[in-house]
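Here is a short report on side-chain contacts in one protein model. Look at the structure first, then read on.

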Amino acid sequence: MVLGSVLWLVALRLMAAPQETGGPEGRPAVPVEVAELEYGPLEQRRTFSGTLSPRAEASVAPKISGRIERMAVNLGDVVLRGQVIAELDDDEAQQTVAEAEAELAVADANLAEANSALGTALRDYERVQTLQQRGIASESELDVALAAREARQAELAVAQAQLRRSEAALAAARIRLGYTQVQATWADDDSERVVAERFVDAGDTVGANTALIRVVQLDPLDAIIFVTERDYARMSLGQTATLQTDAFPAQSFEARVVRLAPVFRQASRQARVELEVPNPDQRLKPGMFARVTVVLDRIEEATIVPTSALLTREGQTGVFMVGEDKIAHFRPVEVGIRTIDRAAVAGEGLEGRVVTLGQQLVEDGGNVTIPQDETEVTPATRSTTRGGRP
């Protein structure tokens, strides 16, 4: 490519008129290419490679062990919070509930019996107390009646405690029976998720807390990228970006920076950045490769030149400007935002057109020729000059 440019310059110099010279030393004019200055906004964009990741995910597992009777969901199914996704064999749990109900009935009967015995003991004590006051019953008989009353009161307390224990056992049995209906639950506020993986089938025997499925949140997704120190300094929370994937190359998706890692990885000297990607139609999927373009800086009103126009003379960055007189003047500039092919510059004397090719051969104040101006002739004009007739 460099050889081609040199050959192009040599050819243009040979094409240039031999009598056309410029500068105090009579040097021949240098053929160059020029471009118009641009004015307007300029953005510095950076594109990073990354991966789409679910905002949240969770494994759904039973709280008890057992054999799976039925799996209610499959890969790719939408799962609502609280939905039953699997059923375990509940024969043993049903039997446990029945036994607990029977124990509760026995405890209820014992309580009724203790209540009745206490009532009889109270009446006996009151009768003996009355007889003792009349001098018919002795002190020892009153003591016996009092002891019987207190014994029946203790029996009643035991019966009440047994009833509460039986009620608790029944409640626990019913809870355990409910565990045979495995429900999808997660901590976040989203009401639905999608089955990303299924690990078991009906008929499998699983232990407590063994994952049956993994569910993920698809809206929104997170785009994970890693940035260098130079780019990290220009990243901020809430910064907007656009995202593209190989699955939908013609479509761009909006994204927003939501998390910036406070540390850099020592191996790569890069920091993790997470962007939120709205995905209402769920076309994007976790694991997809993503290209994230972030606007790192923006100038609303900039003087813009092609990056090919920039050069360094005597340690100073500048451009050559050409006016109507075809004399090139070196103008020092400060370079701001710079993209692949355009750069924002600031400096004095930025008027006319800027030299984009051939400026390495140009001296400050030297004459130039612009072959592109000479070749911009319409076909109709060419036809009138051939043979001296229209």
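## Terms and model

Buried means under 20% relative accessible area, exposed means over 50%, and partly exposed lies in between (1.4 Å probe, protein chains only).

This is a predicted model: local features need pLDDT of at least 70, side-chain atom pairs count only at pLDDT 80 or more, and totals for chains, interfaces and linings use all residues. Residues are numbered from 1 along each chain as its sequence is written, and side-chain values use heavy atoms, with hydrogens and water left out.

## Aromatic pairs

The structure holds 3 aromatic pairs. Rings of Phe, Tyr and Trp (its six-membered ring) pair if their centres lie within 6.5 Å; planes under 30 degrees apart count as stacked, over 60 as edge-to-face and the rest as tilted.

One of the pairs is Tyr232 with Phe264. Their ring centres are 4.9 Å apart and their planes are at 65 degrees, so the pair is edge-to-face. Tyr232 is partly exposed, at 22% relative accessible area. Phe264 is partly exposed too, at 29%.

Phe248 and Phe253 also form an edge-to-face pair. Here the centres are 6.2 Å apart, with 70 degrees between the planes. Is Phe253 buried or exposed? Phe253 is buried, with a relative accessible area of 8%.

## Charges over rings

A charge sits over a ring if NZ of Lys or CZ of Arg is within 6 Å of the ring centre and within 35 degrees of the ring normal. The charged end of Arg283 sits over the ring of Phe248, 4.1 Å from its centre. Arg149 lies over the face of Tyr125, 4.6 Å from the ring centre.
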